There are 2 protein chains.
Amino acid sequence: MAEHARWTDGFIAVDWGTTNRRAYRIGAKGECEAEFEDDKGMLAVPGGGFPAAVAEIRERLGDHPLLLAGMVGSNRGWKEAPYVPVPAGIDDLAKALVWPGEREAIVPGVSTLKNDRADVMRGEEVQLLGAVCAGKCDEDGLVCHPGTHNKWVTLREGKISDFRTVMTGELFSLLKDHSILADLLQGPVDLNDAFCTAARFAIANEALPAELFSIRARVLLGQAKKEDAASYASGLLIGTDVRIGLSLPTSAQVTVIGRPELTRLYAEAIRQANRLAVELDGEQCFLAGAREIAKRIGK
Amino acid sequence: MAEHARWTDGFIAVDWGTTNRRAYRIGAKGECEAEFEDDKGMLAVPGGGFPAAVAEIRERLGDHPLLLAGMVGSNRGWKEAPYVPVPAGIDDLAKALVWPGEREAIVPGVSTLKNDRADVMRGEEVQLLGAVCAGKCDEDGLVCHPGTHNKWVTLREGKISDFRTVMTGELFSLLKDHSILADLLQGPVDLNDAFCTAARFAIANEALPAELFSIRARVLLGQAKKEDAASYASGLLIGTDVRIGLSLPTSAQVTVIGRPELTRLYAEAIRQANRLAVELDGEQCFLAGAREIAKRIGK
């Protein structure tokens, strides 16, 4: 009981990804009292280095219990937290916590295996189920979670029922950093006509690896402006993503959870597909989910 | 006439790409007498360095006229050879040669602008039209030219009538060199069950950026063998490419021109789509096209 009492007195929640981590101190009343973000993601922690990396978090935010989510629980992280199969709700996550120490709990990811389709998530589940628990999101419906790997998630009775990952963010980065389109994609992505035209086109047509090359050809032949290329490419990729996502069972409204600079692009593309889109801030959803899991520790 | 006589006495044909160049000395009877390949592609030649790079070719293959094709004629090459619009036949290429010197001719690329679709090629046109002139390929039909950027080309009356570029080879390289799939894609690509299954799947279904992520999920969840991942990824990409290509006007048979290690993969994927595929060696087609253009110089 002394152990559980310490969690209700406050704890630290960490969203620990591949390349970054964000840590929040949550007070006894659930409020966020302090936070920081740095680039000590999973890949930046040397072998055996997680105890030191965790001690550093406590130096900055206080000597509290830690709830860790994200890639820190992968097979390349601190300690593997095996995927919980769908259907997965907040209680399922809380029951399957993995404990590398007495005061450190790692949230498992979620897996799906349906119709010969395999998929995994790790980190997004806390945000998704946090939004449900906070009443910000229907217990039955479709959620889109953009990021490096966008997730389309079907919720049923408040649980993750099925989901599909689309590599949109990573493909954009690969094209921008390393491809023949690189010099065309250095500009900003704007919610402009080029973005919306490309999104509508990709929602209606399917030929992404051909349309990507056409970005270059259109500029070379004077059919498009070079400064629109990044927005057009983003529209093509996100429009393709939306076409895939909306092929899942869905209602008229899609909840989009994540960083605001990404949710606004996805929300616009979803509107171009004649659906309603509601944006939620991923950070707030993460905090809501972390609080719900912490409440359940020891129960 | 002295000038033309020198071309009919023999010449050097160079397929000068972005990262490599291949040079061939063609004798008076059209036979290939000597050749070499090196990594002095367009990007490896410093500003103003093309005269020296050309002199080096003559040091190795003799003091003959030069016919240059490929990216050497782009706006980042030696001298820009503007695209010839479709329909483009071998006579159109010969008429639009660009001459940086009296004894050096650059073959133009080809462009298409149809139905708001823009596309360009540079280098492949010599191989395609060489195959037609050599009687190896129907004057009306569909040709597939795999490479970094695969081209699907519609021929009409022996001319390039329309075409579409698919970034398949470059996407595979980006994924293999820089993506979250990199560690899974280092193995060889084999024409095995994994390749054929993925190709059939991609020919019938359209969700490439989602299916790519599933490669990782399937291995993580024990649904697929890691050593099959490269073949499976190649099958997905090439199957998607074939689905796009076969949406063009086509006959029952597709001619596949290029490097044999690529044409065999595309030919198999085309067969998985229930079409016939005939493979032609790209190097032989290039030499055939270069000879035809050289014949026309001065006429």
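Predicted model: local features only at pLDDT ≥ 70, side-chain atom pairs only at ≥ 80, totals over all residues.
The buried residues of helix H4 of chain B are Glu124(B), Glu125(B), Val126(B), Gln127(B), Leu128(B), Leu129(B), Gly130(B), Ala131(B), Val132(B) and Cys133(B), where buried is said of a residue with 20 or more other C-beta atoms within 10 Å of its own, exposed of one with 12 or fewer, and partly exposed of those in between, the C-beta atoms being placed from the backbone. That makes 10 of the 10 residues of H4(B), which runs over residues 124-133, so that the helix is mostly covered, and after H4(B) comes Gly135(B), with a positive phi near 75°. Helices (H or I, at least four residues) and strands (E, at least two) are DSSP runs numbered from the N terminus.

Residues are numbered from 1 along each chain as its sequence is written, and chains are lettered from A and ligands numbered from 1 in the order in which they are written.

Let me turn to helix packing in chain A. The axes of H7(A), residues 208-220, and H8(A), residues 229-245, come within 11 Å and cross at roughly 165°; axes here are lines fitted to C-alpha atoms, for helices over the stretch in contact, with angles running from 0 to 180 degrees between N-to-C directions. H7(A) and H8(A) are therefore roughly antiparallel, given that angles over 145 degrees count as roughly antiparallel, under 35 as roughly parallel, 65 to 115 as roughly perpendicular and the rest as oblique. The contact is made by Leu208(A), Glu211(A), Leu212(A), Ile215(A) and Val219(A) of H7(A) with Ala229(A), Tyr232(A), Ala233(A), Leu236(A) and Thr240(A) of H8(A), contact meaning that the C-beta atoms of two residues, placed from the backbone, lie within 7 Å. These residues divide into eight nonpolar, one polar and one charged.

H8(A) also packs with H9(A), residues 260-272, at an angle of about 65° and with the axes 9 Å apart. Here Ser234(A), Ile238(A), Gly239(A) and Val242(A) of H8(A) meet Leu265(A), Tyr266(A), Ala269(A) and Ile270(A) of H9(A).

In chain B, H5(B) and H8(B) pack at about 155° with their axes 10 Å apart, and they are therefore roughly antiparallel to each other. On the side of H5(B) the contact is made by Thr168(B), Leu171(B), Phe172(B) and Leu175(B), and on the side of H8(B) by Ala233(B), Ser234(B), Leu237(B), Ile238(B) and Asp241(B). Leaving aside neighbours within four places in sequence, Gly245(B) is in contact with Cys144(B) and Trp152(B).

How many residues does each chain give to the contact between chains A and B? Chain B gives 34 residues and chain A gives 34 residues. On the side of chain B, the elements that give two or more residues are strands E8 (110-114), E9 (117-121) and E12 (159-166) and helices H5 (168-178), H7 (208-220) and H8 (229-245), and H7(B) supplies the largest share, nine residues.

Finally, the largest nonpolar core has 202 residues, and those with the most contacts inside it are Leu67(A), Leu68(A), Ala233(A), Leu67(B), Leu68(B) and Ala233(B).

Note on methods
Nonpolar A, V, L, I, M, F, W, Y, C, P; charged D, E, K, R; others polar. Core = buried A, V, L, I, M, F, W, Y, C linked by C-beta atoms within 7 Å.
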